Amino acid sequence: MKSCLIITDVQNDFLPGGALAVADGDLIVPVINKISPEFDRVVATQDWHPPGHVSFASTHGSNLYEVITVNGLKQVMWPDHCVAGTSGADFHKDLDLRHADLIIRKGAHRTIDSYSTFLENDKKTGTGLEYYLKGLGITDVFLCGLATDYCVYYSALDAKNMGFNVSVVIDACKGVDVPRGNVAKCLEIMKEREIRIVKSDHLL
């Protein structure tokens, strides 16, 4: 078994005080720092949006959190967040990335969103991460970060579909829970797909 930890979007805009803050999102940083040395490889991901991105409510004049259809895909209308090169797109200042071997930037195309770190939301455009991990002989993928019910969730499903053994380190994640109840729903679906839900102390 060779393992990889994927640290998902632990960026200022997703943390308390940020444009799209996840409640208590900063509390997972010490947990991630503690478990990172336990893996053969570590990958960190960043939302990295251009101005006027398709996911921004401001781009369409839509209401926040409304769901609209764009280019045939359902799209949640988010506040402007993680604009490339801004402080909001930076990693949390205390996140220890010394063990990170690769940083994947996603959502960089103006016309398509990207929740998963493996595939953009059209489910056709890959990031290359699948082949990077398989080329290194990685068999087991562990996910942590933000948010449980979006980028962690979609990354976990894609990793499972690509043949990896997948675990979510639940105390190293926080969810946005939009719409209400979404975290519980996503956890149930992941369990049904035989994605393991584990705690950090099981990894140490």
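Author: Begin with a definition: a salt bridge is a side-chain nitrogen of Lys or Arg within 4 Å of a carboxyl oxygen of Asp or Glu. Side chains of opposite charge can pair when their charged atoms come close. Keep in mind that this is a predicted model.

Reader: How many salt bridges does a search of the whole structure find?

Author: The search gives six salt bridges. In one of them, the side chains of Asp47 and Lys106 meet at 2.8 Å, N to O. Asp47 belongs to strand β2 (residues 41-47) and Lys106 to strand β5, and the two are 59 residues apart, so this pair links distant parts of the chain.

Reader: Are Asp47 and Lys106 buried or exposed?

Author: Both residues, Asp47 and Lys106, are buried.

Reader: Which salt bridge do Asp9 and Lys106 make, and what distance is given for it?

Author: The side chains of Asp9 and Lys106 meet in a salt bridge of 2.7 Å, N to O. This pair also links distant parts of the chain: Asp9 sits in the loop between β1 (3-8) and α1 (29-35), Lys106 sits in strand β5 (residues 102-106), and 97 residues separate them. Asp9 is buried, as is Lys106.

Reader: Where do Asp158 and Lys123 lie?

Author: Asp158 forms a salt bridge with Lys123, with 3.3 Å between the closest N and O atoms. Asp158 is in helix α4 (residues 148-161), while Lys123 is in the loop between β5 and α3 (129-135), so the pair ties together parts that are 35 residues apart in sequence. Asp158 has a relative accessible area of 6%, so it is buried. Lys123, at 40%, is partly exposed.

Reader: Now the pockets. How much space lies in the largest pocket?

Author: The largest pocket holds about 390 Å³ of space. Its lining has 19 residues, and those nearest the centre are Val76, Tyr115, Tyr150, Tyr154 and Asn182.

Reader: How do the lining residues divide into nonpolar, polar and charged?

Author: In the lining of the largest pocket, twelve residues are nonpolar, three are polar and four are charged.

Methods:
Residues numbered from 1 in each chain as written. Predicted model: local features only at pLDDT ≥ 70, side-chain atom pairs only at ≥ 80, totals over all residues. Heavy atoms only, no water. Helix = DSSP H or I, 4+ residues; strand = E, 2+ residues; numbered from the N terminus. Buried < 20%, exposed > 50% of the residue type's maximum accessible area, 1.4 Å probe, protein only. 1 Å grid on protein atoms, 1.4 Å probe; cavity = no way out; pocket = protein on both sides within 12 Å on 5 of 7 lines; lining within 4 Å. Points joined across faces, edges and corners; volume = space filled by probe spheres on them. Nonpolar A, V, L, I, M, F, W, Y, C, P; charged D, E, K, R; others polar.
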